[in-house]
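Have the viewer open as you read.

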Amino acid sequence: MRVTILFTTTLLMLYIVSCDPDMVYDQYKSTENGMWRWEDTLQFRAGITDTTSMNNIYLQVRHSVEYPMSNLYMYVHIQGPSGQALTDTVNMILAAPDGEWNGKGNGHIRELMLLYRKQTQFRIPGTYTFTLEQAMRQPELPVTDVGVRIERVNP
């Protein structure tokens with residue numbers, strides 16, 4: 001019995017440690033009824049303590065294969081802990097010119113991750129708020145989940 005508990009505990013600890021040591025923040029938010037509407041904003045609050053490391057920031061999208069276009073424009077607003085603000089317009093290419101979906105997935109949902117900012121240093125510790133809005137010309141799109149991921153870059 002003790003050997004089984006020790007073995008299980010060891011495996012669990014190895015799993016936790018080996019999962020993703022460079023991941024700083026990773027969160028998805030679901031859209032209402034699997035549709036991302038113009039008026040829907042999705043907010044992500046990342047608590048940053050490390051001000052010396054470089055980080056890659058990714059935008060993540062899960063969408064239905066019913067998505068009517070090959071790209072997705074988004075507005076990205078970043079608010080820093082001391083009030084500093086940044087707004088960008090990002091074009092995420094969801095499909096190749098031949099119609100083949102980019103990213104990965106089986107069935108009706110595809111998932112794609114876009115490198116938004118490469119080797120970014122957060123100079124002030126605190127909470128950074130990422131607000132994402134869809135910026136397409138359609139009032140709603142079959143996007144089921146949107147996410148933000150921050151990974152520490154190893155030198």
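Contact here means heavy atoms within 4.5 Å. This is a predicted model, where local features need pLDDT of at least 70, side-chain atom pairs count only at pLDDT 80 or more, and totals for chains, interfaces and linings use all residues. Residues are numbered from 1 along each chain as its sequence is written, and side-chain values use heavy atoms, with hydrogens and water left out.

Let's start inside. Leaving out residues up to four places away in sequence, Ile 150 touches a list of residues including Met 23, Val 24, Ala 46, Ile 57 and Phe 130. Ile 150 also turns up among the residues with the most contacts inside the largest nonpolar core, alongside Leu 59, Leu 72, Phe 130 and Val 148; that core has 31 residues. (A nonpolar core is a set of buried Ala, Val, Leu, Ile, Met, Phe, Trp, Tyr and Cys residues joined through side-chain atoms within 4.5 Å; buried means under 20% relative accessible area, exposed over 50%, partly exposed in between, with a 1.4 Å probe and protein chains only.) Among the elements giving two or more residues to this core are β4 (55–64) and β10 (143–152). Strands are DSSP runs of E, at least two residues, numbered from the N terminus.

Now for the backbone: Asn 33 has a positive phi of about 55° without being a glycine, and it lies in the loop between β1 (23–30) and β2 (36–37). Asn 33 counts as exposed because its relative accessibility is 70%.

Finally, two charges sit over rings (CZ of Arg or NZ of Lys within 6 Å of the ring centre and within 35 degrees of the ring normal):

| Charged end | Ring | Distance to ring centre |
|---|---|---|
| Arg 62 | Tyr 28 | 3.6 Å |
| Arg 117 | Tyr 116 | 5.2 Å |

Conventions: Helices (H or I, at least four residues) and strands (E, at least two) are DSSP runs, numbered from the N terminus.
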